[in-house]
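Work through the exercises below with the sequence and the structure at hand. Each task is followed by its solution.

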Amino acid sequence: MPTFSISSNGRLEKTVVFYNGEQLTGLKEIYINMNEEGNFEAIIQYQGTDKKVYVFNIFEDYLINLKTTEPTLTDLELENLITLTIESDGNLENTSIFVDDEYQEGIVSLYVHIKGADNKDGIRKFLSSKYYIPDTPELYTEIIFRNEDGSFNKEKIF
Amino acid sequence: MKTYNQLKSFFGIVIILFVIKLFLFPDFADARRGGGSFGGSRTFKPRPTQTAKPQTSNIPRQQRTSSFGGTRISKEQAKVKYGIPKKIEQTKRVDADGNQRTYNIYNYEGYANGLMTGYLMGHTSWLWMMPFHPAFYYSKPYYVENEDGSIDVYPPTFSIVKLIIGITIFSFTIWLLYRLITAKRKVGKLHNSSFI
């Protein structure tokens, strides 16, 4: 069963993603939208080792030409980040969610959208006045829990 | 698609460089064409007067006037613009066409006077066309063609337009350095991230 983890402090430059324990690089976008009504979307867009851009379902597809790297953060740095881990085979019934290694129960929905900055290349990137790290947040996460009394709690993960 | 973008970027750079060259060296080719003491082209040709006095040489008037660069002004304009000179030196030189000409060099002293001498001697440098050299901010010598065939030469003047171009170039250079430094910082910041 694939394990997909995102460690972040809410800033794109401090966001690292692991797939089955390996740190990924070259990611463009991650979109995860799951809820108890049966909606299960987990999409990843990345630039592969062959420079082509791929879009796959994280838990159902084989992620070809995935770029991995040695861990770029130290253990101490990782401790200061919040880690969201999803274990799933693509079915909601077999999906477990952990936040900082703590198993989460009573989840109504999980929404994660992380998008890298526009990847301008060459001279256009250099001449662009837009910051490579966008000032506007492009990292949004939301998790909704159902409490024992039937009320809902909406929380941000990072 | 990527190759197309790279080609577009390449042609963009070529066009930018070409435009910069036109801005920086508008009279580059003309300066070389002068071949001697004077560079550039004339902005207008004088109307031949019926009262023309005997020439100092037997070369037709039309042929002689094509040899000079700088900017031609009238005697009245020169008087208003420059006033009374410190001294006037008369010298005879061979122009680019090989004709013997009489030059009345109006000396006002100062830096511009040195530049004028440089132009007259043909000792110009490509550095004069660079914005970090003071000569860049000056025009070429002005000259007045007299009826007797002699030529009054007036020193270059400070050009506000060239000053603006110089400031633009310096600003662009500073901006370029700033972008280089910040681009490196940005790459460093994103180095730890999984996202590109």
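**Exercise 1.** Which residue in strand 9 of chain A stands opposite A:I86?

Solution. The model is predicted: local features need pLDDT of at least 70, side-chain atom pairs count only at pLDDT 80 or more, and totals for chains, interfaces and linings use all residues. Residues are numbered from 1 along each chain as its sequence is written, while chains are lettered from A and ligands numbered from 1 in the order in which they are written. Strands (E, at least two residues) and helices (H or I, at least four) are DSSP runs, numbered from the N terminus. Strand 8 (residues 82-87) and strand 9 (residues 96-99) of chain A run antiparallel and are joined by 4 bridges; two strands pair if DSSP finds at least two bridges between them. The residue opposite A:I86 is A:I97.

**Exercise 2.** Why does helix 4 of chain B lie largely in the open?

Solution. A residue is buried if 20 or more other C-beta atoms lie within 10 Å of its own, exposed if 12 or fewer, and partly exposed in between, with C-beta atoms placed from the backbone. Helix 4 of chain B has 8 residues (75-82), and the number buried is 0, so this helix lies largely in the open. B:G83 follows helix 4 of chain B and has a positive phi, near 75 degrees.
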